[in-house]
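The briefing after it is meant to be read with the structure open beside it.

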Amino acid sequence: MVVCVCNDTYCDVLEPVKQLPSTQYAVYTSNIAGERFSKTIASFTRPMIYSNCTVPDSDRICEHIVHVDYVLCSQKQKKNLHESIDAKQVEKKIYINPKTRFQEIFGFGGAFTDSTGINIKNMSPELQQYIMRSYFSDEGLEYNLGRVPMGGTDFSNHYYSYMDSDEEDLNCIDPKLRQMQLALEDFEYKIPLIQEAIKLAKDLKLITSTWTIPKAFKENNLYRGSMGFVINDLYQLMADYYVKFLDLYSKYGISFWGISTGNKPFLAMAEFAGIPAIFWFPDDLGLWIRENLGPTIRKSAFKDIKILTLDDQRPLLEILPKDFNHWVTGWIDWNMVLDTKGGPTLSDPLIAPIMSNVTEFYKEPQYYALAHFSKFITRGSFRIYSSQCDSDNLVQQSAFQRPDGGIVVVILNRNDFPVKRTLINCGKSDIKLSLSARSITTVVYW
């Protein structure tokens with residue numbers, strides 16, 4: 001696996017996307033062979049076609065077909081086209097029609113976890129700047145979304161909330177939240193990085209989520225899940241806790257676009273996982289939103305904040321092209337920076353787009369995979385029509401139109417061999433592509 005190394009004296013950059021002449025297009029490629037966001041510029045091979053273009057019915061008929069990767073036991077296994085020489089060589093067509101629009105795209109981002117802050121703070125000022133620019137500047141991923149944990153997560157170095165109690169004081173309830181205050185982690189690892197990101201990013205929108213709440217608010221008296229329901233009589237106090245967090249952060253010039261109802265409630269069923277969590281039944285969560293959280297926020301100074309639910313995870317390349325074709329409007333990744341052991345963490349280690357040690361950091365393949373989307377699909381872009389009739393099921397793709405009129409097509413080839421495709425865009429001449437093995441490709445033109 002190829003990673004890109006950054007140290008105090010050098011770090012690669014992703015050049016800003018610049019509009020090309022209407023006679024040209026750019027192709028960016030990252031693949032298992034080691035290419036990382038390599039760029040080629042080519043010219044359309046024949047004059048522009050300005051007449052109307054009609055997508056054939058044979059292509060449109062697949063718009064609502066759901067493809068599955070399994071076969072029922074009662075069915076016969078179909079021929080595996082992934083191993084077919086013909087499937088590799090035939091140039092199939094991908095139709096692009098900017099006149100057919102779907103959802104508007106809101107953005108891309110990552111999470112300001114304690115682990116991210118700990119790892120960044122352990123590095124030199126030069127490396128800290130390289131990392132922040134690698135995510136939020138126009139020389140990086142151009143993130144415009146950020147997720148801020150409200151208290152500790154499984155990627156903290158200890159469990160905590162904003163009203164921690166000593167063991168003998170465990171069941172003491174402060175109904176006025178007078179003891180509630182931000183933690184050392186907010187001042188050391190979150191607030192400084194958020195303030196820097198706000199300076200670098202284009203209109204950074206922040207979302208906050210809780211993993212857990214004060215132990216005294218939960219039936220199990222634990223930060224971890226272990227079926228830890230919220231005590232019914234404290235539903236309103238929990239809503240007040242959310243609003244006070246927004247107020248405490250506002251004192252440092254940080255405002256939030258959205259607030260979620262809580263991170264992955266189902267994790268509270270997994271006692272062994274060690275992940276801080278709150279367990280909700282759907283009806284109870286709905287009741288709390290309707291009777292407590294919603295009214296409390298709407299009567300506060302933060303009445304315009306968006307309330308988000310179903311705060312859960314999806315694997316990156318398994319879903320991004322496919323989910324955009326099913327109305328997804330954005331993507332917020334998890335940890336931005338982890339150490340080379342995948343932490344620090346209270347649970348299982350993971351991989352982040354950037355892995356680090358004290359003297360250098362490493363841009364993983366995931367970093368460049370994200371760039372194929374976040375660098376090009378700016379806020380205010382719209383998903384547009386692209387073919388879903390891929391009879392050999394060898395690639396996935398999604399297409400977008402940027403606010404400046406540019407067309408972006410992202411294509412994922414997960415096969416161990418190259419695949420040929422021809423982009424047919426209404427109003428332009430065709431683009432012939434040879435998609436390298438195990439690659440992600442972005443095509444952009446105006």
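This is a predicted model: local features need pLDDT of at least 70, side-chain atom pairs count only at pLDDT 80 or more; totals for chains, interfaces and linings use all residues.

Residues are numbered from 1 along each chain as its sequence is written, and side-chain values use heavy atoms, with hydrogens and water left out. Helices (H or I, at least four residues) and strands (E, at least two) are DSSP runs, numbered from the N terminus, and two strands are said to pair if DSSP finds at least two bridges between them. Strands of a sheet pair through backbone hydrogen bonds, either parallel or antiparallel.

- Four strands form an open sheet with mixed pairing, and their order is 1-13-12-11.
- Strand 1 (4-6) and strand 11 (337-339) are at the edges with a single partner strand each, so one side of each has no neighbour in the sheet.
- From one strand to the next, the twist averages 30°, where axes are lines fitted to C-alpha atoms (for helices over the stretch in contact) and angles run from 0 to 180 degrees between N-to-C directions.
- Strand 11 runs parallel to strand 12 (residues 354-356) and is joined to it by three bridges, with L338 standing opposite M355 in strand 12.
- Helix 4 (residues 125-136) lies across strand 1, strand 11, strand 12 and strand 13 (361-363), and it runs at about 15° to strand 13.

- Another open sheet, of six strands with parallel pairing, has the order 9-8-7-6-5-10.
- Its edge strands are strand 9 (306-308) and strand 10 (330-335), each of which pairs on one side only.
- The twist in this sheet averages 25° from one strand to the next.
- Strand 6 (residues 145-149) and strand 7 (residues 205-209) run parallel and are joined by five bridges; the bridge partner of R147 is I207 in strand 7.

**The hairpin**
- Strand 17 (residues 419-425) and strand 18 run antiparallel, joined by five bridges, and R421 has L433 in strand 18 as its bridge partner.
- Five residues lie between these two strands of the hairpin, and G427 in the turn has a positive phi of about 100°.

**A mostly covered helix**
- Eight of the ten residues of helix 9 (residues 365-374) are buried, among them Y367, Y368 and F373.

Conventions
Contact means heavy atoms within 4.5 Å. Buried means under 20% relative accessible area, exposed over 50%, partly exposed in between (1.4 Å probe, protein chains only).
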